[in-house]
Amino acid sequence: MITPNGEIEHTVHVDAHVDPLGAVRAPDDPDCDVYLTGTVFLDIIFTGLDSAPVRGTESWARGMGSSPGGIANMATALARLGLHTSLAAAFGDDHYGEYCWDALEQGEGIDLSRSRTVPGWHSPVTVSMAYEGERTMVSHGHEAPPPEGALPECPPRARAAVAALTPGRRDEWIARATRHGARIFADVGWDDSGRWDLAGLADLEHCEAFLPNAEEAMRYTRTDCPRAAARVLADRVPVAVVTLGSEGAYAVDGASGETAEVPAIAVEALDPTGAGDVFVAGYVTGTLAGWPLADRLAFAGLTAALSVQEFGGSLSAPGWSEIAAWWQYVQACSDQDPAALRRYAFLEELLPAPSRPWPLRRAVPTIGFGRSG
């Protein structure tokens with residue numbers, strides 16, 4: 001939320017404890033539910049800009065905040081949905097790195113036992129400016145030096161791992177995670193080379209689900225329709241999920257031939273930072289819980305929609321209390337389409353009861369302020 005003084009404030013929630021995997025947990029479970037690795041950025045977000053910054057002028061923002069970003073967006077989204085999340089990342093030994101480490105480990109309960117602090121290495125930083133429902137970002141950082149004498153990365157036993165595929169490159173840790181029984185969920189970034197060669201995504205062979213956006217999917221499949229692109233991708237990966245922006249999402253199960261499409265939830269989007277990460281986190285949660293394909297899509301879309309109503313990446317990731325509040329609100333609205341509400345009726349068995357509060361500490365939104373309360 002935005003305070004009267006314009007600061008981004010993500011208050012310490014009294015959240016409710018929900019374990020979406022409670023029905024499938026067993027004594028011989030792996031070390032964690034989801035394993036992630038990647039780069040953690042310090043995100044500094046300016047809000048309340050009336051327009052894009054103009055060259056040669058000084059722009060004043062009415063609000064600002066800071067939070068861990070990059071791969072931390074995904075890790076936070078997963079942890080807030082109740083999944084035991086392990087993150088392997090490098091952190092600088094500067095104040096930014098210390099803040100990000102504390103926010104993720106102490107604030108969100110993310111396992112950082114496989115992460116490391118790098119002496120003398122400064123934290124990557126992204127400055128994001130939100131205006132007119134869009135964002136402009138400037139980033140700076142250097143690749144972290146590898147640890148001396150390190151062996152190839154060995155992921156923990158996990159139910160799942162989330163990977164960002166890189167064209168023309170194999171990441172050995174993905175194959176290792178697969179051999180240890182992890183189910184791989186992957187997205188992909190923009191191909192700066194312009195080749196858009198699907199065969200170049202070598203690690204796609206290890207993936208259970210591939211979740212590109214519509215533009216990426218169409219470019220990789222040489223199609224002009226995102227739904228056609230999803231069907232082509234389903235020949236290469238068990239489940240293809242294509243996000244359609246304001247139209248929702250479409251998925252194809254290549255093994256069964258099942259398809260599902262869920263429209264987007266209409267919300268006032270303030271900042272789309274991290275929405276894609278939240279969508280993937282919601283889809284992974286539903287998959288590991290064993291939900292039907294359409295329910296997985298609906299839940300992923302809902303969590304992403306709730307995230308864009310607040311500023312910031314990891315700060316805006318919803319927990320179960322936010323999901324419960326949304327469900328209570330839409331049920332009370334007389335103008336809601338009953339058929340549309342039935343799409344989310346599966347939430348009834350999951351949402352927390354008001355009598356089961358569970359305190360969950362959140363990331364401190366501004367560097368330099370300690371925790372209170």
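What follows is a talk through the fold, the cores and a few single residues.

Biologist: Before anything else, what kind of model is this?
Modeller: This is a predicted model, and everything I tell you is computed from it.

Biologist: How many helices and strands does the chain have?
Modeller: The protein chain has nine helices and 16 strands. Of its 373 residues, 51% count as buried, and among contacts between residues at least 6 apart in sequence, 69% join residues at least 24 apart.

Biologist: What is the order of the strands in the eight-stranded open sheet?
Modeller: The order is β5-β2-β10-β11-β12-β13-β14-β15, with mixed pairing. The edges are β5, residues 85-88, and β15, residues 259-262, each of which pairs on one side only. From one strand to the next, the twist averages 20°.

Biologist: And β11 with β12, parallel or antiparallel?
Modeller: Parallel: β11, residues 183-188, and β12, residues 207-210, pair over three bridges. If you want a place to look, Ala-186 has Phe-210 in β12 as its bridge partner.

Biologist: Which strands does helix α1 touch?
Modeller: Helix α1, residues 71-80, packs on the sheet and touches β2, β5 and β10, and its direction makes about 170° with that of β2.

Biologist: What about α5, which residues there are buried?
Modeller: In α5, which spans residues 226-233, the buried ones are Pro-226, Ala-228, Ala-229, Ala-230 and Leu-233. Their cover includes the strands β12, β13 and β14 as well as helix α4.

Biologist: Let's turn to the cores. Which residues have the most contacts inside the largest nonpolar core?
Modeller: That core has 68 residues, and those with the most contacts inside it are Leu-87, Tyr-283, Val-284, Tyr-344 and Leu-347. Its largest share, nine residues, comes from helix α7, residues 293-307.

Biologist: Which residues does Val-284 touch?
Modeller: Leaving aside residues up to four places away in sequence, Val-284 touches Val-34, Leu-78, Leu-83, Ala-160, Val-162 and Phe-185.

Biologist: And what does the second, separate core include?
Modeller: The second core has 34 residues, among them Cys-207, Ala-214, Tyr-220 and Ala-230.

Biologist: Changing topic, how many disulfides does the structure hold?
Modeller: It holds zero disulfides.

Biologist: Then what about Cys-32, buried or exposed?
Modeller: Cys-32 has a relative accessible area of 6%, so it is buried. Cys-100 also counts as buried, because its relative accessibility is 2%.

Biologist: I'd like to check the backbone too. Where does Trp-196 lie?
Modeller: Trp-196 lies in the loop between β11 and β12, and its phi is near 50°, a positive value in a residue other than glycine. With a relative accessible area of 4%, under the 20% limit, Trp-196 is therefore buried.

Biologist: And what is the phi of Arg-222?
Modeller: Arg-222 has a positive phi of about 60°, although it is not a glycine, and its place is in the loop between α4 and α5.

Biologist: Why does Arg-222 count as exposed?
Modeller: Because its relative accessible area is 59%, which is over the 50% cut-off for an exposed residue.

Definitions and conventions
Residues are numbered from 1 along each chain as its sequence is written. This is a predicted model: local features need pLDDT of at least 70, side-chain atom pairs count only at pLDDT 80 or more; totals for chains, interfaces and linings use all residues. Side-chain values use heavy atoms; hydrogens and water are left out. Two strands pair if DSSP finds at least two bridges between them. Helices (H or I, at least four residues) and strands (E, at least two) are DSSP runs, numbered from the N terminus. Axes are lines fitted to C-alpha atoms, for helices over the stretch in contact, and angles run from 0 to 180 degrees between N-to-C directions. Contact means heavy atoms within 4.5 Å. Buried means under 20% relative accessible area, exposed over 50%, partly exposed in between (1.4 Å probe, protein chains only). A nonpolar core is a set of buried Ala, Val, Leu, Ile, Met, Phe, Trp, Tyr and Cys residues joined through side-chain atoms within 4.5 Å. A disulfide is a pair of cysteine sulfur atoms within 2.5 Å.
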